[in-house]
Amino acid sequence: MQKAMEELARIPGVVGVVGGAYVDGKSLGLGSAGSRLLGGEGGRIPANARFRVWSQTKQMVATVVLKLVEEGELGVDDKLGDLLPEVVKKDLVMRADQITVRQMIRHTSGIPDWYAEKPNPDGSEGEPSFDVFDFTTHYRPLDLVRWSRDRPRTGEPGEKWAYSNTNYTLLGMIIERVTGHDLASELRTRLFEPLGMTRSYLMVKPPDGVKGPHGHGYYPDADGRPRDVDRYNAGLAGAGAGGVVSTAHDVSAFNRALAQGKLLSLELQRILTDRPTAAAHLRGNSNSTGSNSDSNSSCSDDFSITGGLAPGSVAMTFYSADGRRQLALSFTLSVKPGAVQLDLGKAVESIFCPSS
């Protein structure tokens, strides 16, 4: 594990990396390499350090929504306009009377993204449209939804897949409206506590950040100089871009339970995991899954990946189809996330299939 971390830390643009591998809930080992701060400063990141999981938060938010569906609190085909009347009253989402919960979970609602003004050609999100270095403004979820209002829709409701953080910002608001509790509490009581994710929590607003010693990420300013974005604005994360802070242990526990059907009925789980074809091409700030196995690998398991990125870092969790094996990683960066080439197939093989 440590050897794999050291190899990954040598990737250009990586400041530090932490990770942990698990089989049937038991640790194969934790590792870390690189440094906490840029330029080799700050010592090594603790191998059990917390890190931002970014859009892996979306799977957690969707799971809570679908748990509420199981309880009869709402339906997957309920309309956005009925669940959040304020988005209709304030004219914040076009076609809100036609968009369903199912479509928002699956990114087929056509709602434009608040995070990036223009998506990438493959439909994934583009460059941030906000000031990355604004660490103090308290943005509310409704503020973020408002940013998306005048951007072009990506399709008719249910027509096609197009990644949009706005979908999950709205789903977080729906959870709070239906339960009467804040999203952080619902994640804690429905997922974190039952699954033993004792070191996980949702950042809510500035100055929330990562607790305890951890790696700092950087993002280039207008002059191309890397600036520390460890204080990344929690109000810009939330249910959409992904505000959950976790550990390799905790995020593996969630993926294990989800993959093994311990959180949702099979029918509801498929709404989350059976993604439209276009989602297989998703890069970057992702909550979709796709095969990451090597056809020439001697590994017996077919691994999928869930992950996310934002200014300063990338987080990924590899997991086997049967949910027995997980490898959770977090990379802190000195460049834009899209500028880093993370080929992690060898790391997966070296940890789970060393004989190969």
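Strand S1 (residues 14–23) and strand S2 pair in the antiparallel sense over 8 bridges; two strands count as paired if DSSP finds at least two bridges between them. Within this pair, Gly19 stands opposite Gly31 in S2. Strands here are DSSP runs of E, at least two residues long, and helices are runs of H or I, at least four, numbered from the N terminus.

This is a predicted model, in which local features need pLDDT of at least 70, side-chain atom pairs count only at pLDDT 80 or more, and totals for chains, interfaces and linings use all residues. Residues are numbered from 1 along each chain as its sequence is written, and side-chain values use heavy atoms, leaving out hydrogens and water.

The pair belongs to an open sheet of 5 strands, ordered S2-S1-S10-S9-S8, with antiparallel pairing. Its edge strands, S2 (26–34) and S8 (303–310), each pair on one side only.

I turn to the helices. Helix H1 (residues 2–9) lies across S1, S2 and strand S10 (325–333), at about 30° to S2. Helix H2 (residues 56–70) lies across S8 and strand S9 (313–320), at about 110° to S8. Axes are lines fitted to C-alpha atoms, for helices over the stretch in contact, with angles from 0 to 180 degrees between N-to-C directions; contact means heavy atoms within 4.5 Å.

Finally, confidence. The mean pLDDT, the predictor's confidence in each residue from 0 to 100, is 91 for the chain, and 92% of its residues reach 70 or more. Over residues 280–298, however, the pLDDT is below 50. Where pLDDT is low, the predicted coordinates should not be read in detail.
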